[in-house]
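Let's take a walk through this model together, looking at its salt bridges and its nonpolar cores. Keep the viewer open as you read.

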Amino acid sequence: MSKIRKSAKGKACEVRLEGICRDNTETTVLAHVNGAGVAKKSLDIFGAYACYDCHCAIDRLPSLNHITNFEDALKLLKFYEAVLRTQNIMLEEKLIKL
């Protein structure tokens with residue numbers, strides 16, 4: 001397991017989906033952006049710290065090309081915003097660098 005994946009342990013959920021998120025830091029993992037290919041995960045830098053509930057909600061979303069309703073589009077936007085917040089944390093913790 002990479003340092004970035006390990007870094008998710010005990011972190012706050014950055015996805016924060018309204019009505020879904022419980023921000024249970026005991027369940028936080030690195031949720032990867034979909035789209036790297038069949039049965040492939042994206043690079044760890046394209047992930048967000050997500051609690052179990054938000055991670056499950058994100059995993060159930062259709063791919064970007066198949067979003068058909070506003071609610072799913074909003075969830076996907078929230079996830080991508082969380083990826084950016086997580087990248088900021090990773091930069092501050094020197095897990096990644098520019």
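By about how many helical turns are Glu71 and Lys75 separated in helix 3? The two residues are four apart in helix 3, so about one helical turn separates them. Helices here are DSSP runs of H or I with at least four residues, strands are E runs of at least two, and both are numbered from the N terminus. Glu71 and Lys75 form a salt bridge, with their closest N and O atoms 3.4 Å apart. The term salt bridge stands for a side-chain nitrogen of Lys or Arg within 4 Å of a carboxyl oxygen of Asp or Glu. Lys75 has a relative accessibility of 17% and counts as buried; buried means under 20% relative accessible area, exposed over 50%, and partly exposed in between, using a 1.4 Å probe and protein chains only.

Before we go on, a word on the source: this is a predicted model, in which local features need pLDDT of at least 70 and side-chain atom pairs count only at pLDDT 80 or more, while totals for chains, interfaces and linings use all residues. Residues are numbered from 1 along each chain as its sequence is written, and side-chain values use heavy atoms, leaving out hydrogens and water.

The structure holds six salt bridges. One of them joins the side chains of Asp44 and Arg5, at 3.0 Å from N to O. Asp44 sits in the loop between strand 1 (29-32) and strand 2, and Arg5 in helix 1 (residues 3-7), so this pair ties together parts that lie 39 residues apart in sequence. Asp44 is buried at 13% relative accessible area, whereas Arg5 is partly exposed at 33%.

Now find Glu14, which forms a salt bridge with Arg85, their closest N and O atoms being 3.1 Å apart. This pair links distant parts of the chain, with Glu14 in the loop between helix 1 and strand 1 and Arg85 in helix 3, 71 residues apart. Glu14 is buried at 9% relative accessibility, and Arg85 is partly exposed at 26%. A network of salt bridges links Glu14, Arg16 and Arg85.

Finally, turn to the nonpolar cores, sets of buried Ala, Val, Leu, Ile, Met, Phe, Trp, Tyr and Cys residues joined through side-chain atoms within 4.5 Å. The largest has 16 residues, and those with the most contacts inside it include Val15, Leu17 and Phe79. Strand 2 (47-50), helix 2 (52-59) and helix 3 (70-92) each give it two or more residues, and the largest share, four residues, comes from helix 3. A second, separate core of seven residues includes Ile4, Ala8, Ile89 and Ile96.
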